[in-house]
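Q: Hi! I have a model open and would like to talk it through with you. Could you help me read it?
A: Happy to, let's look at it together.

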Amino acid sequence: MEFTLLGAVLFAVLPLYGVLYWEARRGNAASCTKNLWDIALAGVIAGVFVGRLAAMIGDGVNPITHPADMVLIRGGVATGPAAVAGIATVAWLGREELWPVFDGLAAAALAGLGGWHAGCVVRDACLGTASDLPWAVAQDGSTVTRHPVEMYAALGLFAGAIVIAVWRQRGRPAPAVPAGLALAWASAVRLLTEPLRPNLSGGPIAWYVLGFVAGFALALWAWNRHRHGRSAGNAPVGD
């Protein structure tokens, strides 16, 4: 048995913290990086736990009788429940300064998700559907080359993290807009790459559509409020 879930989590938390650190040094993150890091880490733990639990139950594995499977990546992590649990945890812990917390974590969260997908290298789960493209890769012992779909997702999410981090550094986006766009971006990346994943059920498309619509609607609402002088609030997170 290979305990690879923890390795994938490490791939996620390192870029997450790296972006928080980078933003804080340039003065455009919330005032206390440690507070954001603590909140983000709690969100990651809650998301992975709930998502893994949901995946086990969906595969018919009893988490009570098979507790060791919680740290095995056999069935992966259920994306929708994981996202909901992570967002809910961040919202609860940052409830006193909700939008500054979400905006402060927007770019870092995309980087962390990108790292999670890049963690496919330790899970041996990077490949998707068959492809003849020059960069397609074959699994060991196979002559069929496949899309490195998890790396596509990682690159897309890292690109989103860079765009939002630089945007927040060079401009002053309306409160809640970065958070909404980050959610929409992450959902769009997963939605676009889902057809390249070898999934008989087609994947949780509804979750990605819901995430994109909710994120875009949040960004549009926040931008409209800001344009009419009704800010959603942008006080910094205290030490």
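Q: What should the 17 residues of H7 span at 1.5 Å a residue?
A: They should span 24 Å, and the end C-alpha atoms of H7 are 24 Å apart, which agrees. The expected span is 1.5 Å times one less than the number of residues in the helix. Helices here are DSSP runs (H or I, at least four residues) and strands likewise (E, at least two), numbered from the N terminus.

Q: Is this a predicted model or something else, and what should I know about the numbers?
A: This is a predicted model, where local features need pLDDT of at least 70 and side-chain atom pairs count only at pLDDT 80 or more, while totals for chains, interfaces and linings use all residues. Residues are numbered from 1 along each chain as its sequence is written, and side-chain values use heavy atoms, with hydrogens and water left out.

Q: Where does Ala176 lie?
A: Ala176 is in the loop between H6 and H7. Its phi is positive, about 85 degrees, although Ala176 is not a glycine. Most residues other than glycine have a negative phi. Ala176 is also buried, with a relative accessible area of 0%.

Q: Let's move on to H6. How many residues does it have?
A: Helix H6 (residues 149-170) has 22 residues and reaches 32 Å from its first C-alpha to its last, close to the 32 Å expected. Its buried residues are Val149, Glu150, Ala153, Ala154, Leu157, Gly160, Ala161, Ile164, Ala165 and Arg168. They cover an arc of only 140 degrees around the axis, so they sit on the same side of H6. That arc is taken over the directions from the helix axis to the C-beta atoms.

Q: What does the face turned away from that buried side carry?
A: The exposed residues Leu155, Ile162 and Arg170.

Q: How many residues are in the largest nonpolar core?
A: It has 38 residues, and Leu105 and Leu110 have the most contacts inside it. Helix H1 (5-25), helix H2 (33-58), helix H4 (98-118), H6, H7 and helix H8 (205-227) each supply at least two residues of this core, and H4 gives the most, with ten. Such a core is a set of buried Ala, Val, Leu, Ile, Met, Phe, Trp, Tyr and Cys residues joined through side-chain atoms within 4.5 Å.

Q: What is Leu105 in contact with, leaving aside neighbours within four places in sequence?
A: Leu20, Leu36, Ile39, Ala40 and Val90. Contact means heavy atoms within 4.5 Å.

Terms used:
Buried means under 20% relative accessible area, exposed over 50%, partly exposed in between (1.4 Å probe, protein chains only).
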